[in-house]
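This briefing goes through a set of computed features of one model, with the sequence and the structure to be read alongside. Please keep both in view while working through the points.

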Amino acid sequence: MTNLALKLKRLVECLFFQCALKFLLQFGVQLLMYASPIIYPLSTLDGNLKFLVQLNPITHVIEGCKYAFLGQGSFTYYGLVYSITFSLVVLLLGILIFNKF
């Protein structure tokens, strides 16, 4: 009986965690998309705001696409390496977290 109760408790915890994590991931991705320089150019920002926007890994991908297709924008290898590294770290964390449950 205790084993069944523990399994049900574990099931409820996993379902709640995954639902909450799904909501947080959706909210985070929306926030990153609004903070990315799609409409406004990155060159118009200065100081701390530019630094904060450059922490967004999507920023460097968008700026690289702007540079490739429009000839405007800023492409740096630092931004490319940062985006790839950030993506790989998030991928590895996701694999570790979701394989655990």
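In this predicted model, His 60 has a relative accessible area of 14% and is therefore buried, since buried is taken as under 20%. The place of His 60 is in helix 3, and, when residues up to four places away in sequence are not counted, His 60 touches Gln 54, Gly 79, Tyr 82 and Ser 83.

**Loop residues**

- Leu 45, which is found in the loop between helix 1 and helix 2, is also buried, because its relative accessible area is 16%.
- Apart from residues up to four places away in sequence, Leu 45 touches Tyr 40, Lys 50 and Val 53.
- Ile 38 lies in the loop between helix 1 and helix 2 as well, but Ile 38 counts as partly exposed, because its relative accessibility is 48% and so falls between the limits of 20% and 50%.
- With neighbours within four places in sequence left aside, Ile 38 is in contact with Met 33, Ile 62 and Lys 66.

**Salt bridge**

- The structure holds one salt bridge, in which the side chains of Lys 66 and Glu 63 meet with an N to O distance of 3.7 Å.
- Side chains of opposite charge can pair when their charged atoms come close.
- The separation of 3.7 Å between Lys 66 and Glu 63 is within the 4 Å that a salt bridge requires, so the pair is counted as one.
- Both partners, Lys 66 and Glu 63, lie in helix 3, where they are three residues apart, or about one turn of the helix.

**Aromatic pairs**

- Across the whole structure, a search finds four aromatic pairs, one of which joins Phe 75 and Tyr 77 in an edge-to-face arrangement, with 5.3 Å from centre to centre and 75° between the planes.
- Phe 75 counts as partly exposed at 36% relative accessibility, whereas Tyr 77 counts as exposed at 63% relative accessibility.
- The pair of Tyr 82 and Phe 86 is tilted, because the planes of the rings stand at 40°, with the ring centres 6.1 Å apart.
- Tyr 82 and Phe 86 both lie in helix 4, four residues apart, which is about one turn of the helix, and Phe 86 is partly exposed, with a relative accessible area of 35%.
- One aromatic cluster is formed by Tyr 67, Phe 75 and Tyr 77.

**Largest pocket**

- The largest pocket has a volume of about 410 Å³, and of the 17 residues that line the largest pocket, Leu 25, Val 29, Leu 32, Phe 86 and Val 90 are the closest to its centre.
- Helix 1 (2–35), helix 3 (57–70) and helix 4 (77–100) each supply at least two residues of this lining, with the largest share, eight residues, coming from helix 4.
- By class, the lining of the largest pocket divides into 13 nonpolar residues, four polar residues and no charged residues.

**Second largest pocket**

- About 160 Å³ of space lies in the second largest pocket, whose lining includes Lys 66 and Glu 63 together with Lys 50, Gln 54 and Leu 70.
- The elements that give two or more residues to the lining of the second largest pocket are helix 2 (48–54) and helix 3, and helix 3 gives the most, with three residues.
- The lining of the second largest pocket has three nonpolar, five polar and three charged residues.

Terms used: Residues are numbered from 1 along each chain as its sequence is written. This is a predicted model: local features need pLDDT of at least 70, side-chain atom pairs count only at pLDDT 80 or more; totals for chains, interfaces and linings use all residues. Side-chain values use heavy atoms; hydrogens and water are left out. On a 1 Å grid over the protein atoms alone, a cavity is a set of points where a 1.4 Å probe fits but cannot get out, and a pocket is an open set with protein on both sides within 12 Å along at least five of seven lines; lining residues have an atom within 4 Å of a point. Grid points are joined across faces, edges and corners, and a volume is the space filled by probe spheres set on the points. Ala, Val, Leu, Ile, Met, Phe, Trp, Tyr, Cys and Pro count as nonpolar, Asp, Glu, Lys and Arg as charged, and the others, Gly among them, as polar. Buried means under 20% relative accessible area, exposed over 50%, partly exposed in between (1.4 Å probe, protein chains only). Contact means heavy atoms within 4.5 Å. Rings of Phe, Tyr and Trp (its six-membered ring) pair if their centres lie within 6.5 Å; planes under 30 degrees apart count as stacked, over 60 as edge-to-face and the rest as tilted.
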